[in-house]
Each structure stands twice: as C-alpha cells, then as structure tokens.
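Biologist: I am new to this structure. Please take me closely through one part of it, the place where the chains touch, and go on from there.

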Amino acid sequence: MAELELKNLYDNFRDGETIKAYAKIIAEDAKKLEKPINIMEVCGGHTHTIMKFGLPQLLPENVNFIHGPGCPVCIMPKERIDHAYVLSMQPNVILVTLGDMIKVPGSNGSLQDARAKGADVRFVYSPMECLKIAEENPDKTVIFFAIGFETTTPMTAVLVEQVIKLKVPNILFHINHVTVPEVMVELIDSRDVHVDSYNNQIDAFLGPSHVSVISGSKIYDKFPKDYGRPVVVTGFEPVDAMQGISMIIKQFVEKRCELEVQYKRVVNFEGNLKAQALIEKYFEKMSLFRWRGLGNVPDSGLKLREKYAAYDAEIKYKDVLPIAEIEDHKLCICGDILRGMAKPQECTIFGTACKPTTPIGSCMVSSEGACAAYYKYGNLI
Amino acid sequence: MTKTITIAHGNGGEENNELIKKIFYKHFENDILAKSEDAAVIEDGKLAFTTDSFTVSPLFFPGGDIGKLAVCGTCNDLAMMGAKPKYMTCSVIIEEGFSTRELDKIVKSMKVELEINGAIVVSGDTKVVPKGAVDKLFINTTGIGTIEHAGITASGLKEGMSILVSRDVGCHGATIFAAREGIELESGLQTDCASLYPEIKALMDAGIKIIALRDATRGGVSAVLNEWAKTSDVCVEVEEESIPVLDEVRGICEMLGFEAVDLANEGTFVLCVGKEDEVKALEVLQKTHSTSAVIATVTMQYVGRVLLNSSWGTKRFLDLPTGELLPRIC
C-alpha cells in the first residue's frame with residue numbers, strides 16, 4: 001500500500017472551487033426554504049472551522065449558525081478548574097492535562113499561574129505520556145486531570161487500564177469527561193429561567209464527526225425521531241462543513257427529518273465498539289455535571305467506577321478540594337449564546353472586559369469557544 | 001498586567017508587548033528605544049546596535065544548536081536594519097555539571113556562523129551557577145553593525161506596496177515543538193536557523209529599495225505583519241494560498257491545531273518593497289530559497305489590521321498570536 005501522507009487527510013477538503021460549488025448549491029436550495037433555519041454546530045471544532053474559513057460569508061441570509069457547547073475547556077465550571085489548581089499546589093504532585101486547559105483562569109488563577117508559582121504542571125498530547133512521567137518521578141504523585149468529550153475518553157480509559165495492569169503506584173485521575181447527546185437534549189428541553197420559556201432556536205444539528213468515530217452515529221438517532229431535529233454527522237474541513245450544511249438544507253426542502261452521515265470516510269452507525277467497551281468498563285455516569293454557562297445537565301458527566309475509587313484524586317484529595325459552585329460574572333451572556341438566543345457581539349463585555357487574554361465567560365476561554373472565534377477572526381460578513 | 005510573569009509574557013505576542021511597554025519602556029523611555037525596531041540605530045544613522053538572549057531547549061536540535069542560534073539571532077537583528085554585522089559580545093551562564101565537550105561544540109558552531117556574517121566576538125563573560133539555577137546553558141549576545149541601507153522602518157508601508165517572505169514559514173517552531181517532551185512526533189524537519197545578512201546584501205546589491213524588513217522570530221509572520229499594519233496605519237491584505245508552508249509543517253500544525261504563520265522562525269524574513277521592485281526582489285530571494293513568495297499587498301481596507309483572503313472568497317482577520325502555544329485537545 002502506498003504510504004498515506006498527512007496532507008491527503010485535508011488537502012482536497014479545502015479546495016476553493018469545491019467550497020464555492022457547495023455555496024452555490026446551498027444558495028439555490030435555500031431559496032426554497034419556507035422559513036429561515038438555525039443550525040447548531042454542537043462542537044467547538046466546528047465553530048472554529050466555520051469562523052476560521054469564513055463560511056458564514058458564503059451562506060444566504062436565511063441560514064444561520066448557533067454555536068454550541070462542544071468545547072471541553074469552555075464548559076468546565078470554575079470550581080473544577082480550582083480543583084486542578086489546588087491539586088497542582090499539593091506537595092509532591094505533578095499535574096498533567098491536555099493542551100489549552102492550562103490557560104483557563106479559575107478563581108485563584110490558571111494552571112499557568114500555578115506553574116509560575118512553582119507548581120509542576122505539564123501538558124501532554126497523549127495521556128499515555130503520564131506513564132513515562134510517573135516512572136521518571138517515582139517519589140511524586142502524577143495526577144491526570146482528564147477532560148474532553150467521547151473523543152478523548154477512551155484515551156483516559158486506556159491509561160487507567162495500563163495503570164492497573166502495570167501496577168503503577170503513583171498515577172491518580174481527576175475525571176471531567178462529558179458526553180454530547182445529553183447536553184443536546186438539555187439545549188432542546190431546558191427552560192430559560194430569565195424569560196421563563198423554552199425559547200431555544202435550534203432547527204437542526206451538525207454532529208461532530210470525531211465523537212461519532214468513537215460512539216457511532218447511533219447516539220444521535222433519537223434527535224430526528226423524538227425531537228424533530230435533523231442531525232448530519234459532519235467532518236471538520238471546510239468542504240465537509242459545507243457539504244453537511246447542504247445536506248441539512250436539502251432535508252428541510254424535501255421535508256425529511258433524518259440522521260445522516262456526511263463523514264462517511266470514517267464514521268459508521270455503531271462506532272468503535274472496543275473503545276466503547278473500555279469506557280463502559282472504567283467509567284459510570286454522574287447523575288449531574290455542572291456545565292459552565294448552562295448549569296446542571298443530568299447524566300452528562302462521567303466518573304471512575306466505584307471499584308476504581310483508589311485511583312480517584314477527587315476522593316483521595318477531597319479534604320482540600322473546594323466544593324462551592326462558582327457563577328460567572330453577571331454581565332456574561334454565555335448561557336444565551338450557547339442556547340442560540342444571542343450572538344457574541346450582543347454581549348456588553350465582549351471584546352472589552354472579556355478578551356482571549358482575560359476571559360470572563362466560558363465562550364472566550366478557549367480558541368474553540370464561540371466568542372473567542374468571533375474575536376480572533378472578526379465576523380466579516 | 002497580571003501579578004506574576006507567566007510563560008505567555010515571553011511569547012513575542014500581545015502579552016509580551018504589554019510587559020515591555022508597561023515595565024521596560026516606562027522606565028527606560030527614550031527616542032531611540034521608542035522606535036522599537038529589531039536593532040537600535042545610533043550615531044546619526046551610522047551604526048545598528050542590538051542584543052538577544054538564548055534559552056532554547058533542547059540545546060541541540062535538527063538543523064542547529066543554541067550556539068548557531070545565538071549568532072544568527074543577533075546578526076539577523078542587525079541585518080534587518082540594513083546593517084553589516086561587525087563586532088559582538090558573548091556572555092554565557094552555565095549550570096554546574098554541564099559537559100565541557102558540548103560547550104566546545106556549541107562555541108565551535110558559533111564560530112562557523114560568525115564567519116558567514118564576517119563578524120568577530122570582541123568581548124565576553126562567563127558565569128557558572130549552581131544546579132537548577134539555569135537550564136543547562138543560557139547565552140546572551142550583543143552586536144554592532146555598520147548600516148549599509150538607510151531608512152528601513154516598520155512605519156514605511158504605503159498603499160500599493162508588496163510584501164514577500166524569504167522562504168516557507170514555520171519550520172523552526174514546528175521542529176522545536178516536535179522535539180519537545182510530551183509530544184511524541186517524528187519528522188524529517190529541520191529548523192530554518194540561518195544567517196540572513198548574505199541575502200540582504202544580495203537584495204541591496206541588486207539595487208532594491210527596502211522599505212521594511214524583519215525576521216519573523218517569536219510570534220511568526222503574523223506578529224510582523226500585525227506590527228507593520230499598526231505602525232504604518234495601513235491594512236496588510238494577505239492571500240492565504242500564497243503563503244509558502246512545507247507539507248511537514250502544515251501536517252504538524254493540523255495535528256496540534258496551530259497556524260504556520262504563528263510559529264517562530266530563525267532564518268526567515270518578511271520584506272516590504274515598492275510594487276516596482278516586487279519581481280526583482282522575488283528573483284533575488286528565489287536564488288537562495290525557491291519557496292520565497294509574494295504574500296501580501298498593502299491596502300487601506302481595514303487600517304491597522306491584517307486581512308486574510310481565502311481562495312473561495314471569504315475574509316478574516318489574522319490576529320497577533322496570544323498566549324503560550326498549546327496543542328489542541330481533540
């Protein structure tokens with residue numbers, strides 16, 4: 001077999017002519033829409049693609065995006081960031097986490113600040129690196145602060161399995177994994193307390209493809225069936241996104257309401273059963289997980305099963321971990337943005353008090369948040 | 001300003017600028033410093049003067065080492081003012097226990113690079129500190145050069161001018177990132193670390209009038225273009241497709257969620273010339289690197305901003321990189 005080069009995975013999916021061709025198809029089909037439609041891209045990766053490649057500039061006025069809550073860093077409530085901070089400050093602890101988690105400020109500061117104060121905070125690309133760190137530092141406790149949706153959960157599960165199998169004595173876990181379908185249900189069902197109505201504006205969903213690589217497209221089956229919202233599982237390159245949008249619009253024009261997969265090159269209905277079994281083996285659902293900007297969402301978080309409590313940093317360090325919930329600033333409207341009731345520019349502190357360097361609300365903290373994407377790329381429609 | 005200094009304050013982006021302005025410029029304020037060029041122009045425009053410290057880890061990397069970097073970095077800052085590097089100082093801070101042979105290797109590669117620039121080290125200092133006080137070896141170099149092309153300035157951009165890059169961008173940043181602990185990536189990439197004076201001399205010898213010139217080190221090409229747009233009160237309009245990026249660099253960027261234009265370079269410069277010099281300048285640059293290209297035009301569309309045009313007709317701003325570069329999560 002010829003060697004597959006990395007560029008094969010994205011080159012053709014950024015082709016200007018193909019993108020323009022889809023824009024034309026979408027414009028034609030959108031003329032037939034009976035009313036404007038709002039498509040929620042659930043995932044922060046999609047928000048990033050949509051804004052970075054300027055896709056709203058190619059869409060007709062009656063097709064809008066609602067930027068969803070699918071950025072694992074953005075939705076982490078402050079009290080859990082404080083957990084990471086406090087853990088990193090414990091004697092003989094090395095706190096390990098993924099990517100830009102380390103720059104999100106909690107109430108005492110970010111993990112970067114902790115590091116500047118002498119804490120040993122490290123970021124890794126693969127959680128398996130923890131094994132090496134633990135081996136090199138036998139007199140320290142390595143705490144893996146695990147974050148992410150279904151996409152990253154199996155990597156944590158594999159690490160748990162290795163730690164148990166290899167009897168690694170000095171790795172603990174702080175689990176913050178969350179799941180996508182539960183928060184989608186919450187967005188459709190939730191009552192907005194401010195206006196006392198079920199005022200969400202979501203007509204259809206672009207489903208994140210990498211989540212479905214693990215979980216299959218089956219996790220979205222109920223949305224067209226039970227909630228009347230079409231879902232198209234879509235890839236992350238601009239050609240993917242444009243095709244996914246086009247497929248959604250065609251469903252409306254043809255009066256269909258279905259689950260479809262645009263990202264057929266990887267996603268199937270069942271997903272990666274081995275990864276699912278691993279997740280099932282080590283994790284169980286938390287009855288409630290508090291999402292920053294959205295509040296408590298039933299069954300949306302995971303924790304280590306009771307059997308593995310010995311590896312749970314949240315239990316082992318429970319005496320030092322803060323428990324009080326911390327609300328965001330009163331002026332922050334991230335909850336409304338995540339429900340599709342407001343755009344970032346409508347927020348009075350957007351771009352002034354709240355910037356990527358000094359984020360106040362969840363949508364600004366990571367480059368995948370809606371506000372951060374608007375701030376970074378401008379909204380040049 | 002935040003209460004404590006974080007890694008982000010040294011990234012060449014927004015936080016770095018804030019630190020320099022609010023602390024150093026505040027106390028050191030003077031007209032020469034205020035110009036904030038790569039090197040200070042002193043003695044009535046005859047000399048360029050600059051300094052730089054080097055703390056790179058790992059000390060040896062594909063395509064270079066800290067010694068080569070320490071000479072290139074300072075000489076390039078001089079070259080970016082149209083100056084020929086002449087005299088340098090070299091200070092080293094060494095952690096106790098450091099290998100003598102490695103030190104010798106590093107100083108040897110400094111010598112090779114000095115010869116390329118035609119410069120000599122005329123003064124120096126050595127300090128040895130207890131284990132843990134520095135990470136193996138830090139080097140500071142200061143350089144003086146004689147100015148051969150006057151009037152190069154970040155504030156000289158005018159509508160209609162052309163902007164070029166001297167080669168494909170992001171190699172150094174991508175190489176260092178791939179070699180970092182915690183990121184297990186294998187690649188055949190090499191840093192672009194190189195002395196730039198010979199290329200600048202070739203441009204001058206060809207009679208090209210250089211308007212602005214800057215090596216795209218920390219903060220990458222984005223930082224240079226943003227600074228020029230702000231200082232000159234113009235809009236820099238970039239054709240995204242024309243930015244040369246190696247497949248390997250793009251691959252690393254895609255995996256980690258970076259943009260090549262945000263990554264550091266150590267031997268890549270950005271050049272602004274009048275439209276009439278564009279073709280000739282490109283010809284000269286391509287003799288050294290076939291990947292050099294015209295990437296942008298100066299316009300007045302969004303003054304003070306850098307605009308990126310895609311091949312499918314959309315626009316977005318290219319912002320100054322902020323914060324520490326961190327790989328994306330999924």
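**The contact between the chains**

Modeller: The contact draws 40 residues from chain A and 31 residues from chain B. Two residues are in contact if their C-beta atoms, placed from the backbone, lie within 7 Å. On the side of chain A that touches chain B, the elements giving two or more residues are helix H1 (16-30), helix H4 (111-116), strand S4 (120-124), strand S5 (141-148) and helix H15 (370-377) of chain A. Helices (H or I, at least four residues) and strands (E, at least two) are DSSP runs, numbered from the N terminus. By class, this side of chain A has 17 nonpolar, twelve polar and eleven charged residues. Ala, Val, Leu, Ile, Met, Phe, Trp, Tyr, Cys and Pro count as nonpolar; Asp, Glu, Lys and Arg count as charged; the others, Gly among them, count as polar.

A word on the basis. This is a predicted model, in which local features need pLDDT of at least 70, side-chain atom pairs count only at pLDDT 80 or more, and totals for chains, interfaces and linings use all residues. Residues are numbered from 1 along each chain as its sequence is written, while chains are lettered from A and ligands numbered from 1 in the order in which they are written.

Now take H15(A). Seven of its eight residues are buried. A residue is buried if 20 or more other C-beta atoms lie within 10 Å of its own, exposed if 12 or fewer, and partly exposed in between; C-beta atoms are placed from the backbone. The buried ones are A:Ala370, A:Cys371, A:Ala372, A:Ala373, A:Tyr374, A:Tyr375 and A:Tyr377. Within chain A they pack against helix H2 (44-52), strand S2 (63-70), helix H13 (334-338) and helix H14 (362-365). From chain B, strand S14 (315-317) joins the packing. After H15(A) comes A:Gly378, with a positive phi near 70 degrees.

Next, look at A:Lys20. This residue sits in helix H1 of chain A. A:Lys20 counts as partly exposed because it has 14 C-beta neighbours inside 10 Å. Leaving aside neighbours within four places in sequence, A:Lys20 is in contact with B:Trp312 and B:Gly313. A:Glu41 is 21 residues from A:Lys20 along the chain, and their C-alpha atoms are separated by 20 Å.
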